[in-house]
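Colleague: Before we look at the model together, I would like to ask how some of its descriptions were reached. Please set each value against its definition.

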Amino acid sequence: LQDETSILDLNNAYLMKYVADIISTVEFNYSGELLATGDKGGRVVIFQREQESKNRLLSRGEYNVYSTFQSHEPEFDYLKSLEIEEKINKIRWLPQQNAAHFLLSANDKTIKLWKISERDKRAEGYNLKDEDGRLRDPFRITTLRVPVLMPMDLMVEASPRRIFANAHTYHINSISVNSDYETYISADDLRINLWHLEITDRSFNIVDIKPANMEELTEVITAAECHPHQCNVFVYSSSKGTIRLCDMRAAALCDRHSKFFEEPEDPSSRSFFSEIISSISDVKFSHSGRYMMTRDYLSVKVWDLNMENRPVETYQVHEYLRSKLCSLYENDCIFDKFECCWNGSDSAIMTGSYNNFFRMFDRNTRRDITLEASRENSKPRAMLKPRKVCTGGKRKKDEISVDSLDFNKKILHTAWHPKENVIAVAATNNLYIFQDKIN
C-alpha cells in the first residue's frame, strides 16, 4: 500500500509538472528579436533570435532561451475563499526605449511590469565592504579606494518594476498597451480598466457592463484591444458575438459605444449551439488600424472599421466540426478560446485548430492552408506538408478523417513576427517556431 501511495504521489507530481508546462500565451516583441511565452505554472520564458553571421547562415530565425523567471505565484483570496491560479493569461511587450526590455504579464487578478536587462560588468574595490560582501570595520579603513568596473559573464536579470493589483473582481482575460505607450487597458468578464504605467494604486474604470441584478446577466466581455494609432479608441468583444468600438474622448465611462459591429444571424441555421459558437474569443486590430479581426469557434472574420453591419471577409477554420458540435459540447471543447494574429503587412492571418493543426489564410489570393505542428512531422529545416481533413466518403492517401482528429491536441495560441514570415505556435507544452523557406 505504501508503494502504491508513493507511485500515486509520483504520478500526481508528474501530472502537476505537465500541467504547469502548458503554454498559455505567446508574444513577439515590437522588433521580433525576442519571443516571450507564459505557462500555467506562472513562468515566463523569453527566447532571443540568433544573430545572423557568414559562418551560420542557416541559423537565421533560430531562437534560443534568453531568460526564464517566475512571474506569478499561486495565491489564496481569504475573503472569498478562492484560489488564484498562477497561470499567465497574457503577455504584452512595451516598445524598447533603452538597453532594457519591458513587458506586462497578467494572471487572473494581478498585472506585473517586468524589466529585463543585461549585466556584463561588476563593480570591485568597495571602501566599506570586502569582495565577498562582508562589511569592513570602519576603524580599519585608512585609505580611500575608487571602485572600478570589471568584466563578467553576461547575466540577464528580470526584476518586477510595478505591480498592478486589486482592481479586478473577475478574471483578467486581456491586457493591451495603448499607442501613447504611457497607458494600457485590462479587461475582465464585466469591466475594463485604464491604467497609467507609472501609477499602481489607481486605475480608471472605463467600461462596466455588470447589471444591478446578476440574474439579468446575458453577456460577458471576452477580449479587448487598443487601436494601434489612436490612443483614444479601443474595442471589446462579447460572448454574444458582438464587437463595440469606444472613444474615450466621448465620455469618462464608455458604456455607450461609438460603433457596434454585428453580423445578422441566418434564422435557418440556428441551433442549440448557435449562441456558444458565436462567442468571440479574440479580437485584433490590423497593423494599419483600418481593419480588425475576430475569432469565433468556427471562423475568423475581418471587419472594416467603417462598416458595422457585416464583416468584409469570413474564413472558415474548421467547418467540418459543425456536425460534431454535440460531442464537442459534451467534452467541453466547444468552450475553447482560440486566438488569431495578423502578419506584419496585414496580408495574411493565422489561427489554430485541433489535432495540432493551424490555419493560414492569404487575404489577397483567398487561398488557405492547413499545417500541423508535431514532433513527428517537424524535423529542423524540413518542409511542412499541407494537411487535409475529409468529412465522409472515400479517404485519399494524405487526408485525415474528421472522426480520427485528436481534440486534446489543440493550438490556442499563435504569434507572427512583426516584420518577417516567422511564426510561433504553442501546441500544449511544446513551442514550435516556423519560418519561410530559405533559398
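Modeller: A salt bridge is a side-chain nitrogen of Lys or Arg within 4 Å of a carboxyl oxygen of Asp or Glu, and Asp-21, Asp-39 and Arg-43 are linked in a network of such bridges. This is a predicted model, in which local features need pLDDT of at least 70 and side-chain atom pairs count only at pLDDT 80 or more, whereas totals for chains, interfaces and linings use all residues. Residues are numbered from 1 along each chain as its sequence is written, and side-chain values use heavy atoms, with hydrogens and water left out.

Colleague: What makes the pair Glu-420 and Arg-49 a salt bridge?

Modeller: The closest N and O atoms of Glu-420 and Arg-49 are 2.9 Å apart, and because the limit is 4 Å, the pair qualifies. Glu-420 sits in the loop between β29 (413–416) and β30 (422–427), while Arg-49 belongs to strand β3 (residues 43–49), 371 residues apart; helices (H or I, at least four residues) and strands (E, at least two) are DSSP runs, numbered from the N terminus.

Colleague: Why is Arg-49 called buried, and why does Glu-420 count as partly exposed?

Modeller: Buried means under 20% relative accessible area, exposed over 50%, and partly exposed in between, with a 1.4 Å probe and protein chains only. Arg-49 has a relative accessible area of 6%, so it is buried, whereas Glu-420, at 29%, is therefore partly exposed.

Colleague: How do you know that Asp-403 is exposed, and what is its salt-bridge partner?

Modeller: The relative accessible area of Asp-403 is 58%, which is over 50%, so Asp-403 is exposed. Its side chain meets that of Lys-324 in a salt bridge of 2.3 Å, N to O.

Colleague: Which side chain meets Arg-359 in a salt bridge, and is Arg-359 buried or exposed?

Modeller: The partner is Asp-368, at 2.7 Å from N to O. Arg-359 is buried because its relative accessibility is 9%, whereas Asp-368, at 43%, is partly exposed.
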